[in-house]
Amino acid sequence: VPLDEAARPMRPAVLMFGDEDPDLLAVLKVETDRYQAWEAKAEQALRESPSTRLVIVEVGCGTRVRAVREESEWVLRDARRLAALGAQERQEAGTPDREGEEEG
């Protein structure tokens, strides 16, 4: 196995069965936090702006990597729920459901 400059084994950032490599776990924690922050920001935009659209693209994972598909499905469910909630909040506040449109 090739080593990096700190003499750690170079390997993909993927957890294997029973994997507890502290260096890998630290990298994955940073990436997970970054993803969660992005997801929260996207969800906020979907809730606040009816013109915001979400596109989910799954690339190269095939059908055997269910975690990617399941995450995409959860994100889509959240997006639909938040868009509906935002529309309801705008309706209750008397705000047009589409930016730039007047109620009529």
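**Entry 1: a word to start with**

A residue counts as buried under 20% relative accessible area, as exposed over 50%, and as partly exposed in between. I wrote that down before opening this structure, which is a predicted model.

**Entry 2: Leu54**

I looked up Leu54 and found it in the loop between H1 and H2. Is Leu54 buried or exposed, or does it fall in between? Its relative accessibility is 31%, so Leu54 counts as partly exposed. Next I asked which residues Leu54 touches, leaving out those up to four places away in sequence. My list reads Leu46, Val75 and Ala79. I also noted how far Leu54 is from Val30: the C-alpha atoms are 24 Å apart in space, and the two residues are 24 residues apart in sequence.

**Entry 3: the two helices**

I then turned to the helices on either side of that loop. H1 covers residues 22-48 and H2 covers residues 66-93. Their axes come within 7 Å and cross at roughly 35 degrees. I checked the handedness too, and the crossing of H1 and H2 is right-handed.

Which residues meet there? On the H1 side I wrote down Tyr35, Glu39, Glu43, Leu46, Arg47 and Glu48. On the H2 side I found several partners, including Glu71, Val75, Asp78, Ala79 and Leu82. Sorted by kind, the residues of this contact are 7 nonpolar, 1 polar and 8 charged.

**Entry 4: Gly60**

Gly60 is another residue I found in the loop between H1 and H2. How accessible is Gly60? Its relative accessible area is 82%, so Gly60 is exposed. From Gly60 to Glu92 I noted 43 Å, C-alpha to C-alpha, with the pair 32 residues apart in sequence.

**Entry 5: Glu31**

Back in helix H1, I picked out Glu31. With a relative accessible area of 37%, Glu31 is partly exposed.

**Entry 6: rings**

My last stop was the aromatic side chains. How many aromatic pairs does the structure hold? I noted 1 aromatic pair. I also looked at Trp74 and found Arg77 lying over the face of its ring, at 4.7 Å from the ring centre.

Technical notes:
Residues numbered from 1 in each chain as written. Predicted model: local features only at pLDDT ≥ 70, side-chain atom pairs only at ≥ 80, totals over all residues. Heavy atoms only, no water. Phe/Tyr/Trp six-rings, centres within 6.5 Å; stacked < 30°, edge-to-face > 60°. Lys NZ or Arg CZ within 6 Å of the ring centre and 35° of its normal. Axes fitted to C-alpha atoms, helices over the stretch in contact; angles between N-to-C directions. Helix = DSSP H or I, 4+ residues; strand = E, 2+ residues; numbered from the N terminus. Left-handed = near helix turned anticlockwise from the far one by under 90°. Contact = heavy atoms within 4.5 Å. Nonpolar A, V, L, I, M, F, W, Y, C, P; charged D, E, K, R; others polar. Buried < 20%, exposed > 50% of the residue type's maximum accessible area, 1.4 Å probe, protein only.
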